[in-house]
Amino acid sequence: MDYKEIVAFYGLDALWAEIGRTLKPERQAHTRGVMETAHRLALKYGADGRKAVIAAMFHDYFRGAGDEELDGLVGRYGLDARLKGRPSLSHGKIAAEHMRERHGFEDAELLDAVRFHTTGRAGMALLEKVIYLADCIEPSRDYEEAGLLRGLEETAGLDAALEAALLGSMAYVREKGEELDGDTVKAYEFLRNGGAALLTNKEIAMRAAETLCAKKGIDVTLIDVKDVSSYADFIVIASGSNERQVGSLADDVEDALGKIGALPRHIEGRAPSGWILMDYGDLLVNVFSRDQRATYNIEQLWSDCETITVEG
Ligand SMILES: [Fe+2]
Ligand SMILES: [Fe+2]
């Protein structure tokens, strides 16, 4: 299907008329190509076709905007200040905020596909992969690597082509002498490692505990609570000797688990409060200051459960 048929099929004519009009001609051709390719990949791999088309429509909405406008929007939307002066990284994050604010899109899967279309990230969802790859291989991309990636997608599938695309993107950034984006490195490692889906909850919990040990966390404890808790299978507890270490231990766990594709659902508390709780769904990681650990003594709550000794 070409983009016109796709747009009509999903009843997106009015939205496309509005978005397409604002894009420069060369950006329009690219965006139409991403819409068609993303739609095809979405149907092939089982992602939502309509969301793929909408994400493609918006992904480069701010690509041609001036640095000043983009930097202003980074501030207005409360995005990471490090995005200022880096339009190639900021345009996707800004587009996602714009979609939410101006067009009322709230769907996290849709917004994340736009948000991470230039960097990728560990634990990329299917729709994120589809948009990332479609952006690289849509028909108007005429560099040699795009041809190779198209072939790889056909013969080896989405993940293999995406892994190669991420590797190519890292090589390109290095060649230009620019700093590699941490999310891209993590996305590549995530794909290389086959993603967290291959690991059990216990293995992920062990990885968290081992990381805490390796980073000199104090009294690292892993408790198996799956028989008695309805909200988690494993709880990991460690203390840091000072506020800085509490913060860095939590960061180290987030990095280590990110590499295997496990992302926290949310993180509560900050280092100065003496307790950071990282919620990974079936795994809860608690990093305490010594005082707060003694105060809360959460090990006591689970004293009947099996404690697994972890050594760094
Ligand atoms: Fe882009
Ligand atoms: Fe693009």
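Author: Happy to. This is a predicted model. Let's begin with one side chain: aspartate 107 is partly exposed, with a relative accessible area of 27%.

Reader: Okay, and which residue does aspartate 107 form a salt bridge with?

Author: Its partner is lysine 51, and the closest N and O atoms are 3.0 Å apart. Aspartate 107 sits in the loop between helix H6 (87-103) and helix H7 (108-115), while lysine 51 belongs to helix H4 (residues 49-59), so this pair ties together parts that are 56 residues apart in sequence.

Reader: Is lysine 51 buried or exposed?

Author: Lysine 51 is buried, at a relative accessible area of 18%. The cut-off for buried is under 20%, so 18% falls on the buried side.

Reader: Got it. How many salt bridges does the structure hold?

Author: There are 20 salt bridges in the structure. One of them joins glutamate 153 to arginine 40, with 3.8 Å between the closest N and O atoms. Glutamate 153 is in helix H9 (residues 144-156) and arginine 40 is in helix H3 (residues 25-45), so the pair ties together parts 113 residues apart in sequence.

Reader: How covered are those two, glutamate 153 and arginine 40?

Author: Glutamate 153 is buried, with a relative accessible area of 2%, whereas arginine 40 is partly exposed at 42%.

Reader: And what about arginine 121 and aspartate 112, how do their side chains meet?

Author: They meet in a salt bridge too, at 3.2 Å from N to O. Arginine 121 counts as buried at 17% relative accessibility, and aspartate 112 counts as buried at 15%. Both belong to one network, in which salt bridges that share partners join Glu97, Arg100, Glu106, Asp112, Arg115, Arg121 and Glu128.

Reader: Nice. Changing topic: what are the protein donors of the iron ion (ligand 2)?

Author: They are His30 (NE2), His59 (NE2), Asp60 (OD) and Asp135 (OD), lying 2.1 to 2.2 Å from the iron ion (ligand 2). Along the chain, these donors follow the spacing H-x28-H-D-x74-D.

Reader: Why is the arrangement around the iron ion (ligand 2) irregular?

Author: The 4 donor atoms subtend angles of 80 to 173°, and that makes the arrangement irregular. For a tetrahedral label, all angles would have to lie between 85 and 135 degrees.

Reader: Which residue bridges the iron ion (ligand 2) and the iron ion (ligand 1)?

Author: Aspartate 60 does, and the two iron ions lie 3.5 Å apart.

Reader: Let's move to the strands. What order do they take in the sheet?

Author: The order is E3-E4-E5-E2-E1-E6, in an open sheet of 6 strands with mixed pairing. At the edges are E3 and strand E6 (306-309), each of which pairs on one side only. From one strand to the next, the twist averages 20°.

Reader: How does strand E3 (residues 266-268) pair with E4?

Author: E3 and E4 run antiparallel, paired over 3 bridges, and glutamate 268 has leucine 277 in E4 as its bridge partner. The two strands form a hairpin with 6 residues between them, and glycine 269 in the turn has a positive phi of about 80°.

Reader: And on to E5?

Author: E4 and strand E5 (residues 283-289) are also antiparallel, over 5 bridges. Methionine 278 has valine 285 in E5 as its bridge partner. This hairpin has 3 residues between the strands, with glycine 281 in the turn at a positive phi of about 80°.

Reader: How many residues of strand E4 (residues 275-279) are buried?

Author: 4 of its 5 residues are buried, so E4 is mostly covered.

Reader: Last one: which strands do helix H12 (residues 201-214) and helix H13 (residues 243-259) lie across?

Author: Helix H12 lies across E1, strand E2 (234-240), E5 and E6, and runs at about 5° to E2. Helix H13 lies across E2, E3, E4 and E5, at about 160° to E5.

Methods:
Residues numbered from 1 in each chain as written. Chains lettered and ligands numbered in written order. Predicted model: local features only at pLDDT ≥ 70, side-chain atom pairs only at ≥ 80, totals over all residues. Heavy atoms only, no water. Salt bridge = Lys/Arg side-chain N within 4 Å of Asp/Glu carboxyl O. Buried < 20%, exposed > 50% of the residue type's maximum accessible area, 1.4 Å probe, protein only. Pairing = 2+ DSSP bridges. Axes fitted to C-alpha atoms, helices over the stretch in contact; angles between N-to-C directions. Contact = heavy atoms within 4.5 Å. Donors = N, O, S within 2.8 Å, 3.2 Å for Na, K, Ca; no water. Tetrahedral: all angles 85-135°; square planar, octahedral: opposite > 155°, others 65-115°.
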